[in-house]
Amino acid sequence: MSRVYNFSAGPSCLPEEVLRECAAEMMDFNGTGQSVMEMSHRSAAFKPIIEDAEKMVRKLMNVPDNYKVLFLQGGGSTQFAMVALNLGNKKGKAAYIETGVWAKKAAAEAKNLGVAVDVIASSKDKNYSYIPRVEKITGDYDYAYICLNNTIMGTHYEYIPDTGDIPLVADISSCILSEPLDVSRFGLLFAGAQKNLAPAGVTLVIIREDLITETPRAGTPTMLSYKTHADADSMYNTPPCYTIYVLDKVMHWIEKNGGAEGMLRLNREKADFLYDYLDKSDFYHATAEKGSRSLMNVPFLTKETDAEKADAINKKFVKEAAAAGLVNLAGHRLVGGMRASIYNAMTLDGVKALVSFMEKFAKENA
């Protein structure tokens, strides 16, 4: 069977070039006679892999010298707790902007751990279809928190709030290296790997060194302290070695394709092609408001207003699209309809194939 176009929100498609390299080295990495899957994380063979992965992250993201790059486990959801435990330890108060499910869950986790959470803005009034404009955040906060790209709702910040001396934390799981980002504007960035970096299993954390505290909130488990992992260079326990190995290869692929700037050019071309079609269509419409639209995740609905008929059309669309080699297009239950996730590894040809199918489906089902 030929490869499909995979529009999954995550785990997502990976660059084919990277997959071929991994396949070629599966049984024997670099003359070691073993797979990286089998390799000791303490071995001389693995050390250059994790060191190069860190070097490439620093290079492609222009990470300042006073930031640590950590390779952790537990996904973005564990970061909801780690951020609160490690950064919410002085004043015990934090500001959150609620733009969807993941920001809401992060705020709830912080509250659960005893941090006083101020939701200073929310787009809940319109089902999180836009990003509220909060140019400046002030107050007696340990940190301010945003989710830069909202996978489910298909929204994205087109600005970075000015937080002054308040450390800004951002979940960038679904947009990391899809565009240039000024790391120095943030106190902490984190990203689950399974959108733009690697298979699920490793979580990238970039944290300013002054935020790595000796004394996180009382009762913080050893494994949930940033200092634990920073002091051990991400080797306190066995890291997800193979996922880091794939991440390193993806970093080199991104560099080869123009770095973050090259990814932005490609991603804009893909997203513009899809949004332009949606905005002109008499059959479909995008759910995210202009000015807040994600380049990575594009939810869309048909213009059918009868709920039962709309559900039947949606199911038919997803089924026929899959038969045509366009998979994982079902929308999230909170939005409905369809969603095309077009991360870095999705090609322009893939997006064009989707639009071609959408045109055909619209004509047949109008």
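Student: What covers the buried residues of helix H2?

Tutor: The cover includes strand E2 (67–72), strand E10 (203–208), helix H6 (241–256) and helix H7 (259–280). Helices (H or I, at least four residues) and strands (E, at least two) are DSSP runs numbered from the N terminus, and buried means under 20% relative accessible area, exposed over 50% and partly exposed in between, with a 1.4 Å probe and protein chains only. Bear in mind that this is a predicted model, in which local features need pLDDT of at least 70 and side-chain atom pairs count only at pLDDT 80 or more, whereas totals for chains, interfaces and linings use all residues. Residues are numbered from 1 along each chain as its sequence is written, and side-chain values use heavy atoms, with hydrogens and water left out.

Student: Which residues of H2 are buried, and why are they on the same side of H2?

Tutor: The buried ones are Ile49, Ile50, Asp52, Ala53, Met56, Val57, Leu60 and Met61. They cover an arc of only 160 degrees around the axis, which places them on the same side of H2; the arc is taken from the directions from the helix axis to the C-beta atoms. As a general point, an α-helix has 3.6 residues a turn, so residues three or four places apart point the same way.

Student: How far does H2 reach, and what follows H2?

Tutor: H2 (residues 47–61) has 15 residues and reaches 21 Å from its first C-alpha to its last, close to the 21 Å expected, where the expected span is 1.5 Å times one less than the number of residues. Asn62 follows H2, and its phi is positive, near 50 degrees.

Student: Where else is there a positive phi, say at Asn127 or Leu177?

Tutor: Asn127, in the loop between strand E4 (116–122) and strand E5 (143–147), has a positive phi of about 55 degrees although it is not a glycine. Leu177, in the loop between strand E8 (168–171) and strand E9 (188–192), is likewise not a glycine and has a positive phi of about 60 degrees. Most residues other than glycine have a negative phi, and most peptide bonds are trans.

Student: Is Leu177 buried or exposed, and what about Asn127?

Tutor: Leu177 is buried, at a relative accessible area of 3%, while Asn127 is partly exposed at 41%.

Student: You mentioned peptide bonds; which residues does a cis one join?

Tutor: Gly10 and Pro11 are joined by a cis peptide bond with omega of about -5 degrees, and Pro11 sits in the loop between strand E1 (5–6) and helix H1 (16–24).

Student: Changing topic, how many cavities of 30 Å³ or more are there?

Tutor: A search of the whole structure finds 2. On a 1 Å grid over the protein atoms alone, a cavity is a set of points where a 1.4 Å probe fits but cannot get out, a pocket is an open set with protein on both sides within 12 Å along at least five of seven lines, and lining residues have an atom within 4 Å of a point. Grid points are joined across faces, edges and corners, and a volume is the space filled by probe spheres set on the points.

Student: What lines the largest cavity?

Tutor: With a volume of about 40 Å³, the largest cavity is lined by residues including Cys13, Leu14, Pro15, Trp253 and Ala345. Its lining divides into 7 nonpolar, 2 polar and 1 charged, counting Ala, Val, Leu, Ile, Met, Phe, Trp, Tyr, Cys and Pro as nonpolar, Asp, Glu, Lys and Arg as charged, and the others, Gly among them, as polar.

Student: And which residues lie nearest the centre of the largest pocket?

Tutor: Of its 19 lining residues, Pro15, Glu16, Ala345, Met346 and Thr347 lie nearest the centre. The largest pocket holds about 330 Å³ of space, and E1, H1 and H7 each supply at least two residues of its lining.

Student: Last one: what does Val115 touch?

Tutor: Val115, in the loop between helix H4 (101–112) and E4, counts as buried at 3% relative accessibility. Not counting residues up to four places away in sequence, Val115 touches Ala84, Gly88, Gly92, Lys93, Ala94, Ala110, Tyr143 and Arg217, where contact means heavy atoms within 4.5 Å. The C-alpha atoms of Val115 and Ala94, 21 residues apart along the chain, are separated by 6.9 Å.
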